[in-house]
Amino acid sequence: MLQQIKGLHHITSMAGDAQKNSDFFTKTLGLRRVKKTVNFDAPDVYHLYYGDEVGTPGSVLTYFPFPHIAKGRPGTGEVGETLFAVPKGSLPFWRERLSALNVGEISESDVFGEKRLHFVGPDHDAFALVEVDNDDRAGWLKGSVAEAEAIRGFHGASLRLRDSGATSELLGFMGYEKVDSKDDWSRYAIKDGNGADFIDIQTLPSVDAARQGAGSVHHIAFAVEDRAAQLEVRKALMDTGYNVTPVIDRNYFWAIYFRTPGGVLFEIATNEPGFDADEDTAHLGEALKLPPQYESYRAKIEEILTPIED
């Protein structure tokens with residue numbers, strides 16, 4: 001069993017309109033946009049990152065906004081819902097806030113003994129706010145939500161799978177322990193994690209496969225401290241039979257990817273070097289930052305991308 005993984009690092013999804021995306025996560029949810037860059041594989045498309053003040057691993061939600069992308073179709077083989085941690089007693093505030101801002105499909109539930117407020121984003125992406133006691137992580141305190149209610153980071157994420165057996169084994173190999181189950185749900189937790197500690201699996205054997213599009217999660221990333229730990233994880237996964245990519249430099253972290261038995265794309269990302277690698281912490285997410293290989297094309301890229309107003 002691996003010991004290097006410390007919870008989630010980030011979750012990356014796809015969207016339609018970049019401005020609507022930025023407005024929702026900064027103005028509605030009160031997150032900080034910590035990076036405005038481009039998709040490394042499609043530099044005519046933004047890659048937007050949201051999180052706490054510095055983009056701490058375990059707080060970072062990222063998006064590729066493709067202007068003409070088709071809407072995704074929910075199903076199995078994907079991340080179903082992203083779970084954010086909020087302070088105990090803050091759900092009434094959030095329900096009132098989201099209702100006032102015309103956020104869609106708001107509902108409440110009690111899952112694994114946790115109070116949750118469910119809602120959807122601008123591309124029908126699925127989220128829930130989960131009341132968590134004694135979460136000492138700091139949210140983005142200079143945004144539109146006060147400290148008493150601010151999102152602290154991820155609590156976890158759920159996976160929708162037709163058959164959960166092999167993925168459950170994988171999570172166990174990655175250091176997760178099964179801690180609860182109810183009906184078609186199973187919960188897995190990482191010990192001594194970064195706060196973004198839970199993976200919930202919903203087993204849906206008769207549900208069709210998802211079709212990725214706007215509102216779909218592209219991949220989910222797990223955090224390791226550094227490149228040495230990442231290489232240890234990569235070797236262990238490959239020795240177990242997984243087809244893992246070489247290490248890829250993403251400027252703000254190093255990444256490796258592999259497809260899980262249930263169809264979800266997993267990434268292992270390093271906590272280093274961080275989002276202040278190319279701009280001062282006080283100005284994160286303001287300027288368009290380009291990977292070095294695209295800097296010479298800046299004028300053309302800026303001509304193609306529609307400016308995002310803060």
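This is a predicted model: local features need pLDDT of at least 70, side-chain atom pairs count only at pLDDT 80 or more; totals for chains, interfaces and linings use all residues.
**N102.** I then placed N102 in the chain: N102 sits in the loop that runs between α2 (91–100) and β6 (104–111). I also checked N102 against F64, 38 residues away in sequence; their C-alpha atoms are 23 Å apart.

**Largest pocket.** I next looked at the largest pocket, which holds about 340 Å³ of space. Its lining consists of 27 residues, and P74, G80, H124, D125 and A126 are the closest to the centre. Which elements give two or more residues to this lining? I noted β4 (60–65), β5 (78–87), β6, β7 (114–120) and β8 (126–132). The largest share is five residues, and β5 supplies it. Sorted by class, I have ten nonpolar, nine polar and eight charged residues in the lining of the largest pocket.

**Cavity.** How many cavities of 30 Å³ or more does the structure hold? I found one. The volume of the largest cavity is about 30 Å³. I listed its lining as L31, G51, D52, S59, G139, W140, I151, R152 and G153. By class, that lining has three nonpolar, four polar and two charged residues.

**Sheet.** I traced an open sheet of eight strands with mixed pairing, in the order β2-β3-β4-β1-β13-β16-β15-β14. Why is one side of β2 (32–39) and of β14 (248–249) left without a neighbour in the sheet? Both strands stand at the edges and each has a single partner strand, so one side of each has no neighbour there. For β14, I followed the pairing with β15 (residues 253–259), which is antiparallel and runs over two bridges. I noted W254 in β15 as the bridge partner of D249.

**Nonpolar cores.** The largest nonpolar core counts 65 residues, and L29, L129, M174, I220, F222 and F266 have the most contacts inside it. I took F266 from that list and looked up what it touches, leaving out residues up to four places away in sequence. The contacts of F266 are L159, L170, L171, M174, I220, F222, I256, Y257, F258 and T260.

Technical notes:
Residues are numbered from 1 along each chain as its sequence is written. Side-chain values use heavy atoms; hydrogens and water are left out. A nonpolar core is a set of buried Ala, Val, Leu, Ile, Met, Phe, Trp, Tyr and Cys residues joined through side-chain atoms within 4.5 Å. Buried means under 20% relative accessible area, exposed over 50%, partly exposed in between (1.4 Å probe, protein chains only). Contact means heavy atoms within 4.5 Å. On a 1 Å grid over the protein atoms alone, a cavity is a set of points where a 1.4 Å probe fits but cannot get out, and a pocket is an open set with protein on both sides within 12 Å along at least five of seven lines; lining residues have an atom within 4 Å of a point. Grid points are joined across faces, edges and corners, and a volume is the space filled by probe spheres set on the points. Ala, Val, Leu, Ile, Met, Phe, Trp, Tyr, Cys and Pro count as nonpolar, Asp, Glu, Lys and Arg as charged, and the others, Gly among them, as polar. Two strands pair if DSSP finds at least two bridges between them. Helices (H or I, at least four residues) and strands (E, at least two) are DSSP runs, numbered from the N terminus.
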